[in-house]
Amino acid sequence: MENKKFQGIIPPEKWIKDCSTPLIIAGPCSAETEEQVMQTAHQLKNTGVVQIFRAGIWKPRTQPNTFEGVGSVGLEWLQRVKRETGMSVATEVGSAKHVFEAIKYGVDLLWIGARTTSNPFAIQEIADALQGADIPVLVKNPLSPDLDLWIGAIERLHAVGLRKLGAIHRGFFSWEKTDLRNQPCWHIPLSMMRQFPDLPIICDPSHIAGKRELVPEIAQRAYDLRMHGLMVETHINPDNAWSDARQQLTPANFSEMIQSLVGTDSDEPYNHNLNDLRTEIDEIDEQLLGMVARRMRTVEKIAHLKEEEKLNVIQPKRWQDVLVNVKTKAESRGLRPTFAEGLFNAIHEESVLLQSNIIRSNQP
Ligand SMILES: O=C(O)C(=O)C[C@]1(C(=O)O)C=C[C@@H](O)C=C1
């Protein structure tokens, strides 16, 4: 349901000259050297699709003693990008000092990173520094899948008068490891879009994918869900990048990806309710499969112990205990115990088959 919290949001088309949606923001994870910034910027300009050039100047890193960004000198390089290519420029801010520096050097758009969004004190400090400024600000989702924290950060910026606001979906931290670096939890940005239809939301497929070969499929998904644009990490020499080397694309690969995205100008209305719920089901199914696969890997380890200790594959007493346990828990979660029994018996059948095959294959 539509929420009236963010009144008066100005659409991206009116943020900066020549802006249009989908909004395409691209550039290196970090500004490393003037040469790297300029070469990447010129190659991106030549793709003809980039509206805003991005580069991280101050990098919040997990560990100390890693590259933490070049600092303010990089802002001069961004000025040169603007002068020579005509592209608008963007960087990440994490403190009031960053805001003042970026504005002083004429940066056109700011974004706030996931770690900063997770910290309301930091967001408030940035919001206070931005009071009275007329600059677009994009807020990345917080690290944890917490929609209210994300909305709260945007609210703090809205409260100081900013109206050129948007959100960036960059995925969420999860203990469950998959091929992706961050879990997209698509239902969260979709819920944001449903509640705040006027708030632009763009996708950062680089941080969700974590590997360059997975970036295009995430970007396509964002387009399918009618997000308002993309922010893509691109580098002239990704393998030698000083940060996030695995997820950056060359400008050529980036351009190829953008050209191959399907449905960019589709006017087909998006059926939020049905599609959102199906997206949520796809995610849950993926998690279910991940959990079942993890269970089978544990079952494999038990097979090796059983082989060493010459135990039977089928352990009726243990299996009875498992069934009693899952049936009770299923009931307390509103599921029929007989349904849980059938589901787990199917899993057990596969465990027994897996263990029997392992033990048989190790026999002389
Ligand atoms: O506990 C064991 O012995 C297992 O090998 C695991 C498992 C299971 O899938 O949970 C598999 C086979 C046994 O019949 C009982 C349980």
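The structure is a predicted model, in which local features need pLDDT of at least 70 and side-chain atom pairs count only at pLDDT 80 or more, while totals for chains, interfaces and linings use all residues. Residues are numbered from 1 along each chain as its sequence is written.

The protein contains 13 helices and eight strands; these are DSSP runs numbered from the N terminus, helices being H or I with at least four residues and strands E with at least two. Its C-alpha trace spans about 75 × 50 × 40 Å along the principal axes. Of the 364 residues, 37% are buried, where buried means that 20 or more other C-beta atoms, placed from the backbone, lie within 10 Å of the residue's own. Among contacts with a separation of 6 or more, 71% join residues 24 or more positions apart; a contact is a pair of residues whose C-beta atoms, placed from the backbone, lie within 7 Å.

Which residues of H1 are buried? They are Gln 36, Val 37, Thr 40, Ala 41 and Leu 44. These residues lie on the same side of H1 because they cover an arc of only 125° around the axis, the arc being that of the directions from the helix axis to the C-beta atoms. An α-helix has 3.6 residues a turn, so residues three or four places apart point the same way. The buried residues of H1 pack against strands E1 (23–27) and E2 (52–54) and helices H2 (73–85) and H10 (251–260). After H1 comes Gly 48, with a positive phi near 75°.

Seven residues from domain 1 and six residues from domain 2 take part in the contact.

Finally, the residues around the ligand include Arg 318, Trp 319 and His 348, each counted when its C-beta atom, placed from the backbone, lies within 6 Å. Helices H11 (272–309), H12 (316–332) and H13 (337–361) each give two or more residues to this shell, and H13 gives the most, with four residues.

Technical notes:
Buried ≥ 20, exposed ≤ 12 C-beta atoms within 10 Å, placed from the backbone. Contact = placed C-beta atoms within 7 Å.
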